[in-house]
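Open the structure in your viewer and keep the selection tool ready. The stops below go from the sheet to the core and then to the pocket.

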Amino acid sequence: MGKMTKRGLCLVLVCVVSACGDFDTESGAARTGGLEGADTSRTSGDVTPPSLCDEVQDWQPEAAAFEDEMLRLINEHRTNGSSCGGPTHPLQAAPALKCAARLHSRDMNERDFYQHINPDGDGPRERMEAVGYDLGPWGENIFKEPTSAQEAMDGFMESPSHCSNIMSPEFSAVGIGVHGTTWTQSFSN
């Protein structure tokens, strides 16, 4: 249930049914539907994350540097445009989304799974809400095995559905979590 890139890295396909989205088995990235009918007055992630985020505040310096570089690369693509969209506004880092992304990347490594839905049945929406993020439309990209932000970004941009999440003008905030060679990007507005 995945798509192999030219380098043999797998971009997993799992989409989540939500109040404002569909389950598209061909997309390759988890994502809800458009803004139509969504509450766009929601917070932008400037909420204080709950205590479960305390455990991922002190993060490996190399992983945190990869996350910062990934945000720079995302905004470079959004500013310049790509084959799947744009140009569009840059994304702002949201601490709560970063927490959700870090927790998911770490969980995938520790429990040895690689999906948007964890073994407990929680998906991106549940993770983002659990850390205090008031969601509107959301998306999530995951990638396992890249050893640099550039390699991960190249893989995401080569996949139309992952690229679509990165370039979506619906999103204004992102959280990036890197644990080992597992990368999670959590998007919302």
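Helices (H or I, at least four residues) and strands (E, at least two) are DSSP runs, numbered from the N terminus. Two strands pair if DSSP finds at least two bridges between them. This is a predicted model, in which local features need pLDDT of at least 70 and side-chain atom pairs count only at pLDDT 80 or more, while totals for chains, interfaces and linings use all residues. Residues are numbered from 1 along each chain as its sequence is written, and side-chain values use heavy atoms, with hydrogens and water left out.

Select β6 (173-179) and β7 (182-188). These strands form a hairpin with 2 residues between them, and they pair in the antiparallel sense over 7 bridges. In the turn, Gly180 has a positive phi of about 65°. Now pick Val174: opposite this residue stands Phe187 in β7.

**The sheet.** Show the 5 strands of the open sheet, whose order is β3-β5-β7-β6-β4 with mixed pairing. β3 (30-31) and β4 (92-93) each have a single partner strand, so one side of each is left without a neighbour in the sheet. Buried means under 20% relative accessible area, exposed over 50%, and partly exposed in between (1.4 Å probe, protein chains only). β6 is largely enclosed by the rest of the structure, because 6 of its 7 residues are buried.

**The core.** A nonpolar core is a set of buried Ala, Val, Leu, Ile, Met, Phe, Trp, Tyr and Cys residues joined through side-chain atoms within 4.5 Å. Select Met70, Ile74, Tyr133, Ile166 and Trp183, which touch the most other members of the largest such core, a set of 42 residues. Elements that each supply at least two of its residues include α1 (61-80), α4 (149-158) and α5 (160-167). Move to α5, where 6 of the 8 residues are buried, among them Cys163, Ile166 and Met167.

**The pocket.** A pocket is an open set of points on a 1 Å grid over the protein atoms alone, where a 1.4 Å probe fits, with protein on both sides within 12 Å along at least five of seven lines; lining residues have an atom within 4 Å of a point. Select Leu103, His104, Asp107, Asn118 and Arg127, which lie nearest the centre of the largest pocket, lined by 13 residues. The largest share of this lining, 6 residues, comes from α2.
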